[in-house]
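Trainee: Could you take me through one part of this model in detail? I would like a close look at the annotated active site and what surrounds it.

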Amino acid sequence: MRLLVLHGPNLNLLGQREPGLYGSNTLAAIDAALEQQAAALGVELTCFQNNHEGALVDRIQEAGGQAGSPASDGILINAAAYTHTSVAIRDALLAVALPFVEVHLSNTHAREPFRHRSLLADRALGVVCGFGATSYRLALEGLVAHLRASA
Ligand code: DQA
């Protein structure tokens, strides 16, 4: 099983960015923990961060692979601010039709009203938010369990 983890804009600044909200873990530490968890679960994981909407769209399309032969089996995505704005990322996820889980470090529903709306959530397998770096761990566990159950 091959999985893709996508991190959107400003997540490269984790560790120094608003630590009260997002915690003190760096993105490299989050990715390393996910890779360890993936190895224990026996799945292959690729992590990708980018600040640009189009680059995230390109990476999602790449995960879709050729028709009938996807390069990834599922996606974990923290689209960060693009969660609330990006029709292009939603469309890319729908185009490749891979199961995906939406992840957020913070509880977006307990924040400003503009963060309450997600353009991805209604098509996600699930949404995990509010647990800091643990949100990613829970999302990975959920995605793998779903894919194994549906194999
Ligand atoms: C975030 C929440 C978003 O609203 C915000 O724009 C981010 C991070 C989170 O992980 O909590 O950049 O996705």
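**The annotated active site**

Mentor: Happy to. UniProt, in an unreviewed entry, places the feature "active site" at Tyr-22 and His-104; UniProt positions are given in the numbering used here, feature names are shortened, and annotations may be inferred rather than shown by experiment. These residues span 83 residues in sequence, yet no two of their C-alpha atoms are more than 9.2 Å apart, so they gather at one spot. Please keep in mind that this is a predicted model: local features need pLDDT of at least 70, side-chain atom pairs count only at pLDDT 80 or more, and totals for chains, interfaces and linings use all residues. Residues are numbered from 1 along each chain as its sequence is written.

Let us start with Tyr-22, which is found in helix H1. Helices (H or I, at least four residues) and strands (E, at least two) are DSSP runs, numbered from the N terminus. Leaving aside neighbours within four places in sequence, Tyr-22 is in contact with Leu-14, Arg-17, Leu-105 and Ser-106 (contact: C-beta atoms, placed from the backbone, within 7 Å).

Helix H1 covers residues 19-22 and also holds Gly-20. Gly-20 is exposed, with 7 other C-beta atoms within 10 Å. The C-alpha atoms of Gly-20 and Ser-106 are separated by 9.9 Å, although the two are 86 residues apart along the chain.

Now to His-104, which lies in strand E4 (residues 100-104). His-104 is buried, as 24 other C-beta atoms lie within 10 Å. Leaving aside neighbours within four places in sequence, His-104 is in contact with Asn-78, Cys-129 and Ser-135.

Strand E4 belongs to an open sheet of five strands in the order E2-E1-E3-E4-E5, with parallel pairing (two strands pair if DSSP finds at least two bridges between them). Strands E2 (44-49) and E5 (126-129) stand at the edges with a single partner strand each, so one side of each is left without a neighbour in the sheet.

Finally, the ligand: the residues around it are Asn-10, Asn-78, Ala-80, Ala-81, Thr-83, His-104, Leu-105, Ser-106, Thr-108 and Arg-115, where a residue counts if its C-beta atom, placed from the backbone, lies within 6 Å. This shell divides into three nonpolar, six polar and one charged; Ala, Val, Leu, Ile, Met, Phe, Trp, Tyr, Cys and Pro count as nonpolar, Asp, Glu, Lys and Arg as charged, and the others, Gly among them, as polar.

Terms used. Buried ≥ 20, exposed ≤ 12 C-beta atoms within 10 Å, placed from the backbone. Contact = placed C-beta atoms within 7 Å.
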